[in-house]
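Hi there,

Here is the structure I promised to hand over. Have a look at it first, and then read on for what was found.

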Amino acid sequence: MDPITESLLAIKGDQQERLNRYALNWAFYRGKQYMHEMGMEYAKEHKLFKEMRKVFGFVTQTVDTDARLVMKRQLRIKAEKENFADDIYDIWERSNIQAEKYKLVRYGANLGDAYLIVQDLSDGIGKVVPRIIVANSEDMYVEQDPDDQTNVLWARQSYTFIDERNVPHTRDWLYWPDRVERYTDYKMDEGYPISHPFNEVPVIHIKTLDIGEKWGLCSWHNVQSQIDYVNELGSFANKIMLRYADPTLVGVGISPGTSIPIRRGINSDNIYYLSNPESDLRILEYQGNVLPQMMDMIKEISANIKDQLPELSLTKLRDSSQLSGYAVSLHLADLIAKVEELRGNFANGIEWANSLCLRALKRSDAPLEEFENHVVYEDILPEDLQLKLTSYGQMLAMRIESRKGILLRQGLTEEEAEAKLQEIDEEAMADYDTFFLQNRDSEAEEEEEEE
């Protein structure tokens, strides 16, 4: 391996710190804390684990709520050129992007960073067959130009796997602007490097919340320090429990570094005699019971977190059934704003990957702007159709909006609105003709009866 590639494969300090944070975030998401097995049993008996799990459950609820609201049921594409949308849907079908979209948001919302990798399944032979895959965030590292953060110099994907002989191996992929390299146990595999048609590094780094730093922030970053504190309290309690199980002895009248002769008792094996009458051994004990105070502190932190995470406002709405529509909109304002921000960041990454695929598929050297496409999301909240129709009716009655204007509000184009109005008028005329003929016939029958 050449020294440049070898240096790229070395894990840097900041990357190791990032991976440690990823591991801790996943532990919070799964409701696990760092406690010894014996400590966990004691904690369960005293309900400490229950209170800690409730706090960690806020992470799970926040991340899963973000995944559902950001992606909803189905994504759609809007492109200026009609065939672009059809090509993208074909690529998504090949990539299974509709199923992987929830994984993409869960990685991003929980870890702060999500990654898309664009691949060419043809391996440079024949027609380009692009696809998009969602990578595990903990496997990825992207090196950016220090003078231009939008320019990716290279990217690495690293993970371990076990072969058919149950032997573990390390697999590294290096993505360059013109080629892909693959290493197994730090040796380049046969047949590599191979070229790719994407004209830039085919790895897209999506930051869930972008504050201009190298890495993104998770969607619950504003309470992350509080959840870390709860985890530290659990670890502190665990140390106290372990001290009782394996007590610490305090030597009195004994100088460090000196050997004090100890003589075993004659009549009992559990009595020790120290030759120095002023020396003594005592067991270090904690005075008082700190567990109730710790549980009270965790409950206060739990209540504070519930007020800070907008995703948890949905729970408050279920508990409060007597809220007006205006009050509900105020409760959900922060949640809607946050979801819209998340949607924008994920849409940018997906649209970038789509453009890379389209440019390679068309075998073009044009800039990515020529392959513009937009991800179209479903509405965040269910639509109140009855309230909407009532509002439209009042607007028509007050003559502050026309029928065409209302149709345009529904997302129809000018031509579609005109066609829809013509169809409605034709149906109304047909209904009027039918009504007129029925009334005329009934009036004629009445006249005949009178005669």
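Is Glu100 buried, exposed or partly exposed? Glu100 is partly exposed, with a relative accessible area of 24% (buried is under 20%, exposed is over 50%, and partly exposed lies in between, with a 1.4 Å probe and protein chains only).

Some background: this is a predicted model, where local features need pLDDT of at least 70 and side-chain atom pairs count only at pLDDT 80 or more, while totals for chains, interfaces and linings use all residues. Residues are numbered from 1 along each chain as its sequence is written, and side-chain values use heavy atoms, leaving out hydrogens and water.

Glu100 meets Lys103 in a salt bridge at 4.0 Å, N to O (a side-chain nitrogen of Lys or Arg within 4 Å of a carboxyl oxygen of Asp or Glu). The two are three residues apart in helix H6, so about one helical turn separates them (helices are DSSP runs, H or I, of at least four residues, and strands are E runs of at least two, numbered from the N terminus). Lys103 is partly exposed too, at 28% relative accessibility.

By this rule there are 16 salt bridges. Another one joins Lys362 and Asp87, whose closest N and O atoms are 2.9 Å apart. Lys362 sits in the loop between H10 and E15 and Asp87 in helix H5, so this pair ties together parts 275 residues apart in sequence. Asp87 is buried, at 16%, whereas Lys362 is partly exposed, at 35%.

Enjoy exploring!
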